[in-house]
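Dear colleague,

I am handing over the structure below, and after it you will find what was found in it. Please read the notes with the structure open beside you.

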Amino acid sequence: MWQPGRCGTSLPPLFDGGSTGARAVNGDGTIIGGLASDSAGTGVPVRWIYDGIQWQVQQLDIRPGSASGANDVGDLAGWVSIPCNVADGCQRAAIWSADGSVRTLGTLGGADSWARDINASGDVVGGSTPARGSNTGYIWFAALQRMVALPFKGQWAAANAVSDVRMADSTRLVVGMTSTRDAVIWVVRNP
């Protein structure tokens, strides 16, 4: 584990001769999410867990993909590739829970979705293709098991991070950007 005054520590690879990329870390720094690629460049989502002595790498899914968001308990959110009627396949947002379970989310009506962050309540944010139009930011409410489009003006929007539920008003903040490269914040109430 990294300590002040020490250089960075390399995380163990999943594949000999492959590469790795860390993209998310939980609150106490004991769980990291990202991807590991084999020598051919095919990447799969992984989790690194620090056991107090060393880092251990775990493959989260057999499907190509990546983990890109983490919450304090160690749930990870990201995406996986799935077969579909599109030549290169489709992407689906995915949640890898700390307990080992996996959930693949749907879309807003189009071919793809991807997750960028997950909060302590299990709410996920990211982007999805709708039935018509361009990428749309969404929030997936864990309590309802439902994806909801975030309103925006412009060609597209992406949601990149979500706060925990704020006790004062039971809202969460979602941040991202629009097609005009403007930062945007959504205040999302409990469904």
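The protein chain exposes about 9,900 Å², of which carbon and sulfur atoms supply 51% (accessible areas come from the Shrake-Rupley method with a 1.4 Å probe). Please bear in mind that this is a predicted model, in which local features need pLDDT of at least 70 and side-chain atom pairs count only at pLDDT 80 or more, while totals for chains, interfaces and linings use all residues. Residues are numbered from 1 along each chain as its sequence is written, and side-chain values use heavy atoms, with hydrogens and water left out.

The protein chain has 15 strands and zero helices, where strands are DSSP runs of E with at least two residues and helices are runs of H or I with at least four. Its radius of gyration, taken over C-alpha atoms, is 17 Å, close to the 16 Å that the globule rule (2.2 Å times the number of residues to the power 0.38) gives for 191 residues, so the chain is as compact as a globular protein of that length. The C-alpha trace spans about 45 × 45 × 30 Å along its principal axes.

Of the 191 residues, 40% count as buried, meaning under 20% relative accessible area with a 1.4 Å probe. Both tyrosine 50 and tryptophan 55 are buried. A search of the whole structure finds one aromatic pair (ring centres within 6.5 Å): tyrosine 50 and tryptophan 55 lie 5.1 Å apart, centre to centre, with 50 degrees between the planes, and the pair is tilted, that is, neither under 30 degrees (stacked) nor over 60 (edge-to-face).

Note on methods
Buried < 20%, exposed > 50% of the residue type's maximum accessible area, 1.4 Å probe, protein only. Phe/Tyr/Trp six-rings, centres within 6.5 Å; stacked < 30°, edge-to-face > 60°.
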